[in-house]
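Reader: Could you walk me through how to read the packing in a model like this one?

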Amino acid sequence: MYAAARSILFRLDPETAHGVTLMALDMAHRLGLSGKLGGGARVDDPVELMGLRFPNRVGLAAGLDKNADHLDALGALGFGFVEVGTVTPKPQPGNPKPRLFRLPESGAIINRMGFNNSGVEHLIARVKKSRYDGLIGINIGKNLTTPVEQAVDDYLFCLERVHAHADYITVNISSPNTPGLRNLQFGEHLDRLLGALREKSLRLDHDSGRRVPLAVKIAPDMSDEEVGLVAEALVANGIDGVIATNTTVARDAVTGQPHADEAGGLSGRPVFESSNRVIRELRRRLPDMPIIGVGGIDSGEAAVAKRRAGADLVQLYSGFIYRGPPLVGECARALKLAAD
């Protein structure tokens with residue numbers, strides 16, 4: 001059914017199709033049809049990580065529902081957890097359109113959205129109204145107009161606002177679409193940011209009597225040595241988990257394809273191996289840290305491969321756009337079977 005719908009949706013501008021699809025999922029949810037779209041009830045395959053009990057190992061990556069406007073509809077498709085955002089302190093429109101491009105030959109997407117979102121207060125209001133019974137991650141970032149040197153202030157503001165409403169919080173320092181953001185992944189910038197966030201997080205945990213884990217999302221465009229430096233910083237600052245990886249700026253795998261030269265982050269099948277390389281290196285250096293693997297998962301087999309690379313959980317994004325809701329159950333069943 002989704003294949004037929006996709007043939008129509010893919011005739012539309014990608015960003016328009018994205019909005020239409022989310023509205024259609026909302027309608028299906030209101031009509032009680034979400035389970036059929038996702039191929040049945042949510043797969044029961046619980047796992048405990050970061051002090052949380054995930055209903056299954058398959059989540060939705062941040063970026064698809066930036067404002068948590070469609071949380072219930074997406075959650076009803078069988079995800080064990082849904083990550084919303086990236087959200088910034090103030091609303092911002094993002095980069096000029098067009099800013100989203102399909103590369104169907106490679107099952108890939110290029111985006112340069114630029115953290116377009118309605119601001120943290122809007123997202124909190126939507127999460128509070130949600131009835132989704134899986135785990136909710138909230139992905140936080142900085143506003144475009146905030147200098148990188150002052151980025152910590154934006155992250156601290158978002159952390160304080162979302163803490164009471166998130167099951168876990170992800171610090172996004174790896175989008176290629178906000179100038180200078182990836183500089184926060186290294187050296188003194190990273191230690192300063194993570195140290196401040198951990199200090200604030202511990203205070204909030206204490207005051208609320210509720211522990212909310214912190215995860216960091218990193219890029220695939222790092223050498224093994226750079227991954228090692230990031231790993232050291234994560235441990236030194238008491239970070240609870242790592243999400244690997246965000247989109248890539250590399251274009252080797254899509255050279256010559258329409259839209260391949262568009263600026264932005266490339267996601268989907270072409271990032272699968274680079275993501276797995278980073279996951280393997282993280283697992284080698286961080287044998288006990290929870291890792292959420294994302295990048296190029298478009299089948300149950302690919303989800304299992306991500307798990308074998310070292311990921312404890314996986315997240316879907318581009319594969320979900322190309323394969324639709326049935327991919328959620330397919331991946332969850334494959335991961336459950338592989339664990340048996």
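Reader: Which residues does Leu 282 touch?

Author: Contact here means heavy atoms within 4.5 Å. Leaving out residues up to four places away in sequence, Leu 282 touches Ile 218, Val 227, Ala 231, Val 242, Ala 244 and Ile 291. Do keep in mind that this is a predicted model, where local features need pLDDT of at least 70, side-chain atom pairs count only at pLDDT 80 or more, and totals for chains, interfaces and linings use all residues. Residues are numbered from 1 along each chain as its sequence is written, and side-chain values use heavy atoms, with hydrogens and water left out.

Reader: How many residues does the largest nonpolar core have?

Author: A nonpolar core is a set of buried Ala, Val, Leu, Ile, Met, Phe, Trp, Tyr and Cys residues joined through side-chain atoms within 4.5 Å. Buried means under 20% relative accessible area, exposed over 50%, and partly exposed in between (1.4 Å probe, protein chains only). The largest core here has 94 residues, and Phe 54, Phe 79, Ile 138 and Leu 282 have the most contacts inside it. Helix α6 (residues 151–162) gives the most to this core, with 7 residues; helices are DSSP runs of H or I, at least four residues, numbered from the N terminus. Apart from it lies another core of 7 residues, including Leu 103 and Val 254.

Reader: How many disulfides does the structure hold?

Author: A disulfide is a covalent bond between the sulfur atoms of two cysteines; the cut-off used is a sulfur pair within 2.5 Å. This structure holds 0 disulfides. Cys 158 is buried, at 0% relative accessibility, and Cys 331 is buried at 0% too.

Conventions: Helix = DSSP H or I, 4+ residues; strand = E, 2+ residues; numbered from the N terminus.
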